[in-house]
Amino acid sequence: MSALFNIVLPVFLIIGAGYVTTRMRLLGMSAVEGVLSFTQNFAFPCLLFRAISTFDIGEQFHAPLLLSFYAAATICFVLGLVGARLLGRDAQDSVVIGFCCLFSNSMMLGVPITERAFGPGALGANFAIISVHAPYCYVIGIVAMEYVRAGGTGLPVFALIRRIVRQILSNPLVIALILGFVVNLTHLAIPGPVIEALDMIARAALPSALFAVGGVLVQYKLEGDWRLIGMICLITLLVHPALTWVFGSLGGLDRDAFRSAVLTASVAPGINTYVFANLYDRGKRSAASSLLIATGVCLFTVWFWLSVLP
């Protein structure tokens, strides 16, 4: 019990520090957004680039891992979309709710929790999942939204493809992933001083991101349909990891990959869920509130999943 306490609580203490500091106006929102921008656009891309460029692709990228996580995530997207429709939301709002159930905070919460629990050497499977996370989730979300916006009568295919490609390729994490794969596959030598500089920036990623997440949560208000918010929390924090557990067991994942997949599935929705809602100006209140509530509840549910993992 004390071990779990020491693993999970420090992560959420940093988030809490960011929240309290910003709430008390000891740090302005512009400064918090600057820290978040630094982590999203520089620190995490450096971390991801170094991870992808150096790990064994053949060992980490295998179908059972990705299928276990993303089959569960896709089911959760459908559950969220259908659930929102049953609760009376229109089709476009329902896609946003489905996206909230699909997009885990795999980088800002999944990575630091896994690292604290099992060490930096256990992150290979995390980065394999993250490498296709944004492309996969945004393709599903954008295709679904553009379909319902078109009224189901047909899609302007080339315009849709351009929109998806533009959204994905403008993401700094995706750019870092592509460059990481290029270096890995071509065995391109990077000068030592450049590696040291990248590593210095990468080491700032996790604590900065956690602090910034706490600060950013201050601007989200608790409002919206509480039935929807409860459903999002249930699906993201319990159903997604449970399904990943089942699929991972059936797929015969090794212990490290299984742990990474379940823990990544067990964290709260990421900030990208609100970004997606804001992009289409639909379901923003529910997306923001579920992000805030699920991040807090995640402290206890992650504790549970850590306690039952092999």
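Which classes, nonpolar, polar or charged, make up the lining of the largest pocket? The points below answer this and then turn to other features.

1. **Ground rules.** This is a predicted model, in which local features need pLDDT of at least 70, side-chain atom pairs count only at pLDDT 80 or more, and totals for chains, interfaces and linings use all residues. Residues are numbered from 1 along each chain as its sequence is written, and side-chain values use heavy atoms, with hydrogens and water left out.

2. **Largest pocket.** Its volume is about 490 Å³. The lining counts 25 residues, and Q40, F103, N171, L173 and N272 are the closest to the centre. A pocket is an open set of points on a 1 Å grid over the protein atoms alone, where a 1.4 Å probe fits and protein lies on both sides within 12 Å along at least five of seven lines; lining residues have an atom within 4 Å of a point. Volume here is the space filled by probe spheres set on the points, with grid points joined across faces, edges and corners.

3. **Who lines it.** Two or more residues each come from helix 2 (29-54), helix 6 (106-118), helix 8 (133-149), helix 10 (172-186) and helix 15 (272-280). Helix 10 gives the most, with 4 residues. Helices are DSSP runs (H or I, at least four residues), numbered from the N terminus.

4. **The opening question.** The lining of the largest pocket has 14 nonpolar, 11 polar and no charged residues. Nonpolar covers Ala, Val, Leu, Ile, Met, Phe, Trp, Tyr, Cys and Pro; charged covers Asp, Glu, Lys and Arg; the others, Gly among them, are polar.

5. **Second largest pocket.** This one has a volume of about 270 Å³. Of its 17 lining residues, L47, A51, P120, L123 and F127 are the closest to the centre. Helix 2 gives the most, with 4 residues. The lining divides into 11 nonpolar, 3 polar and 3 charged residues.

6. **Nonpolar patch.** F158, I161, V165, L169, I178 and V182 make a nonpolar surface patch of about 560 Å². Patch residues have over 30% relative accessible area and no salt bridge; like charges are joined within 9 Å, and nonpolar side chains (Val, Leu, Ile, Met, Phe, Trp, Tyr) within 5 Å. Areas come from the Shrake-Rupley method with a 1.4 Å probe, and for residues only the protein chains shown count as cover. Helix 9 (157-169) supplies at least two patch residues, as does helix 10. The largest share, 4 residues, comes from helix 9.

7. I178 lies in helix 10. Its relative accessibility is 41%, so I178 counts as partly exposed. Buried means under 20% relative accessible area, exposed over 50%, and partly exposed in between (1.4 Å probe, protein chains only).

8. The structure holds 6 salt bridges. Each is a side-chain nitrogen of Lys or Arg within 4 Å of a carboxyl oxygen of Asp or Glu. R282 pairs with D93, the closest N and O atoms being 3.0 Å apart. R282 lies in the loop between helix 15 and helix 16 (284-308) and D93 in helix 5 (residues 91-102), so the pair ties together parts that are 189 residues apart in sequence. R282 is partly exposed at 21%, whereas D93 is buried at 10%.

9. **Other salt bridges.** D281 pairs with K284, with the closest N and O atoms 3.0 Å apart. K284 is partly exposed at 29%. Salt bridges that share partners join R89, D90, D93 and R282 into one network.
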